[in-house]
Amino acid sequence: MAMGAAAFGGWGLLLPVIPLAVSQSGASDAVAAASTAIFMTTTVITQLFVPRMLMRVGHRAVLAAGCLLLGVPSLLFIVSVDAVPALAVSALRGTGFGMLTVAGAAIVAELAPTALLGRATGAQGIAVALAQMITLPMGLVIFAASPTAVFVLGALVPAAGLIGVALLPPTRPAPQPPRIERVRLDIRQFLVPCLVVASVSAAYGGITSLLPIAESNRAAMIGLALAVVSAAMLVGRYTAGSVADRIGIGRSVVPALVSAAIGIALFAIAALGNMPAALFFVAAVLFGIGYGACQNDSLVMAFDAAGPARYSSASAVWNISFDAGTGAGALALGVLATSVGYTAGFTAAAITVVVVAAVALIARPRPDRLPT
């Protein structure tokens, strides 16, 4: 949990800052949002190779390398935040984040008893969301006072995760089943959890990248609203984990998607301009609860579909969906914001989440197929 808090704290610290810094350097909204998109692109590419890395060197070595690659390159933003160098540094940092996301989720599944898997992933989610709740607004506030300071912190916070990594037990993935059994694994088992997390993450990528730009005259309020999103995620993640352990895996997904969609729709209304601050915070609560619950339940769904021998692979598939959604959402909403406005972009994100909710409802397991 400490390692995850440091890693995601460093990610959250610069998540809204880099697009804003690139925008202030003279780039368009689409280019600014592309900094998040390229970060997530290299994250996804790296995630493809992490299960093999875990088999060869174990979780601790991969997590340590991830902390360093996510953090240290942030110092290069001090030199320049022009589009080309900023995109290059974002790409490098994304490789470290790819290692951290897959290995961090997989080690929780390796260490937790199966009967407590939902609550274990929820507890890890609390650590991650709590760190983001603090660092998301902190990054914007510090950037306004001193850009250099926020980039230095962006290097130091993930590096602090090395302390947690050093205290982890030596862990490697469980032995893989024979190749013939691996071939039988049906990727369709992962379709619903991947669609769920990709859709809400796409909205999150667009919101965190574009709201600070859309409401640049109310940066402090937006930073606080993003903190509220992270705080609400705490509630959503652990509640969904408890429901998964006690009632059934996947039972929180549809209500969570509906909550997230309503929140996004309120952000779309707020983006029309001159809306009361209270609307941003209502949107943040609804979206955060839904987003957190979707994260937790979809991850447990992926682990359940994969089984203990494939936890690292399930973590990779889920994290690829999460991060590809975040990057694609930031880029797509950035393009829409540039061409037709912020409200249209957020509305498109809300509609996408509603469609995925309908798919999840249709594909929901029958009661006799739920775990006991």
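User: Which helix does Val165 lie in?
Analyst: In this predicted model, Val165 lies in helix α8, where helices are DSSP runs of H or I with at least four residues, and strands are runs of E with at least two, numbered from the N terminus. Residues are numbered from 1 along each chain as its sequence is written. Local features need pLDDT of at least 70 and side-chain atom pairs count only at pLDDT 80 or more, while totals for chains, interfaces and linings use all residues, and side-chain values use heavy atoms, with hydrogens and water left out.

User: OK, is Val165 buried or exposed?
Analyst: Val165 is buried, with a relative accessible area of 4%; buried means under 20% relative accessible area, exposed means over 50%, and partly exposed is in between, using a 1.4 Å probe and protein chains only.

User: And what is Val165 in contact with?
Analyst: Leaving aside neighbours within four places in sequence, Val165 is in contact with Met3, Arg60, Leu63, Ala64 and Cys67, where contact means heavy atoms within 4.5 Å.

User: Which other residues of α8 are buried?
Analyst: Helix α8 covers residues 147–167, and its buried residues are Val150, Phe151, Gly154, Ala155, Pro158, Gly161, Gly164 and Val165. Seen down the axis of α8, they fall within an arc of 155°, so they line one face of the helix; the arc is that of the directions from the helix axis to the C-beta atoms.

User: What's on the other side, and what covers the buried residues?
Analyst: Leu156, Ile163, Ala166 and Leu167 are exposed on the other side of α8, whereas the cover over its buried residues includes α1 (2–14), α2 (17–24), α5 (59–71) and α7 (117–145).

User: Switching topic: which residues touch the most others in the largest nonpolar core?
Analyst: That core has 111 residues, and Phe151, Leu257, Ile264, Phe267, Phe287 and Phe346 touch the most other members. Helix α13 (residues 277–306) gives the most to this core, with 15 residues. A nonpolar core is a set of buried Ala, Val, Leu, Ile, Met, Phe, Trp, Tyr and Cys residues joined through side-chain atoms within 4.5 Å.

User: What does Phe287 touch?
Analyst: Not counting residues up to four places away in sequence, Phe287 touches a list of residues including Val200, Tyr204, Ile207, Ile264 and Phe267.

User: Where is Ser315, and is it buried or exposed?
Analyst: Ser315 is found in helix α14 (residues 311–339), and Ser315 is buried, with a relative accessible area of 0%. Beyond its neighbours within four places in sequence, Ser315 is in contact with Thr101, Val102, Ala105, Ala106 and Phe303.

User: What about Val354?
Analyst: Val354 has its place in helix α15 (residues 342–363), and at 48% relative accessibility Val354 counts as partly exposed. Val354 and Val258 are 96 residues apart in sequence, and their C-alpha atoms are 6.6 Å apart in space.
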